[in-house]
Amino acid sequence: MDTTIAKNIRVADEKASYDAACKRLLSEKIILAWIMKNCLEEYRDCDVDEIAEIYIEGTPQVGEVAVAPDESNRTSRIQGTGSEDTSVTEGTITYDIRFLATAPVSGEWIRLIINLEAQNDFYPGYPLIKRGIYYCSRMISAQYGTEFTHSHYENIKKVYSIWICMNPPKSRENSITRYYIAEENLVGNVKERKEDYDLMVAVMIGLGKEENTNTDVLKLLNILLSTETGSKDKCQILEKDFHIKMTQTLESEVSLMCNLSKGVEEKGIEKGRQEGRQEGRQEGRQEGRQEGIIAMVSALRDLEITDSIILDKIQEKFHLAEEAAKMYL
């Protein structure tokens with residue numbers, strides 16, 4: 001007989017597999033190209049296919065490069081093969097996705113270092129934008145010894161940290177916000193070259209309901225990361241609306257993520273049901289039913305499923321009116 005611990009471990013394992021599948025899907029070059037065109041000023045006038053095929057260098061690294069390696073242990077190089085630094089003091093925290101890209105700017109070619117993060121919890125106990133700026137700072141400082149040495153600061157590459165927030169607060173749903181360094185004259189009127197100070201940008205993307213946005217990249221990401229749209233429908237929309245060629249690899253990643261999402265959700269629902277039945281036997285049918293609903297809400301929230309989906313689930317499973325269901329949220 002399965003214990004509660006065993007079930008929780010299995011749910012956690014499936015959630016980890018879902019997270020990994022999500023990152024692999026986002027690391028597909030054509031998906032990255034759509035994000036770059038809409039969020040990075042260097043690519044606004046570029047074609048999506050051109051970005052994917054020409055400007056993104058090599059294969060994006062997924063969970064391979066450490067964010068905060070020890071200063072004495074610099075084994076990971078930007079041009080390297082994906083080796084990982086391990087920090088003795090902080091443990092190993094890796095970028096979700098990191099890659100290099102070239103960009104045509106003012107008739108010259110520049111190189112960018114780009115990081116993409118998929119974030120479920122918008123309130124992890126600290127301001128998420130501060131973490132984004134920290135990641136930018138780390139990508140700047142980590143260039144010493146790889147992109148530049150000694151006092152050759154002119155060789156520092158511009159960095160981007162892009163955060164896709166899948167469960168943002170209402171005020172940030174279907175939004176794209178950019179944070180960057182700008183020149184401001186307090187006294188006098190001077191003009192520095194923009195490329196000498198415009199070195200780091202953090203971008204926060206808040207997802208929401210697909211039908212509430214007219215922005216292409218938000219619609220794309222809302223469809224791609226939806227827990228409600230099936231893999232077949234996703235593939236059809238990606239191909240028809242965004243002209244994304246569904247390769248065997250891309251199609252299998254979409255299918256895998258959808259299956260894992262469904263499995264994690266069903267495990268959470270079943271966990272809530274079982275806890276509800278147990279409470280019902282111990283404390284009576286009505287009280288047990290209430291405890292079951294609460295347990296189910298808690299289990300689904302632990303899996304970082306949005307409140308709107310949870311509301312639909314408890315209405316369906318426990319035959320509640322919307323107002324009654326909202327009380328449990």
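**Pocket lining, rings and cysteines**

Modeller: The lining of the second largest pocket holds 6 nonpolar, 2 polar and 12 charged residues. This is a predicted model: local features need pLDDT of at least 70, side-chain atom pairs count only at pLDDT 80 or more, and totals for chains, interfaces and linings use all residues. Residues are numbered from 1 along each chain as its sequence is written, and side-chain values use heavy atoms, without hydrogens and water.

Colleague: What makes a residue of that lining charged, polar or nonpolar?

Modeller: Its type: Asp, Glu, Lys and Arg are charged; Ala, Val, Leu, Ile, Met, Phe, Trp, Tyr, Cys and Pro are nonpolar; the others, Gly among them, are polar.

Colleague: Which strand gives the largest share of the lining?

Modeller: Strand β3 (residues 108–119), with 4 residues. A strand here is a DSSP run of E, at least two residues; a helix is a run of H or I, at least four; both are numbered from the N terminus.

Colleague: Why is the Y95 and Y135 pair called edge-to-face?

Modeller: The ring centres are 5.4 Å apart and the planes stand at 90 degrees. Phe, Tyr and Trp rings (for Trp, the six-membered one) pair if their centres lie within 6.5 Å; planes under 30 degrees apart are stacked, over 60 edge-to-face, the rest tilted. So 5.4 Å makes a pair and 90 degrees makes it edge-to-face.

Colleague: Where do Y95 and Y135 sit in the chain?

Modeller: Y95 is in the loop between β1 (56–62) and β2 (97–105), Y135 in helix α4 (residues 128–141). They are 40 residues apart, so the pair links distant parts of the chain. Y95, Y134, Y135 and W163 form one aromatic cluster.

Colleague: How do you know whether Y95 and Y135 are buried or exposed?

Modeller: Buried means under 20% relative accessible area, exposed over 50%, partly exposed in between (1.4 Å probe, protein chains only). Y95 has 2% and Y135 has 3%, so both count as buried.

Colleague: Why is the F148 and Y153 pair called tilted?

Modeller: Its planes are 50 degrees apart, so it is neither stacked nor edge-to-face. The centres are 5.4 Å apart. F148 is buried at 7%, while Y153 is exposed at 53%.

Colleague: What makes a disulfide, and how many are there?

Modeller: Two cysteine sulfur atoms within 2.5 Å make one. The count is 0. C46 is buried at 8%, and C136 is buried at 1%.
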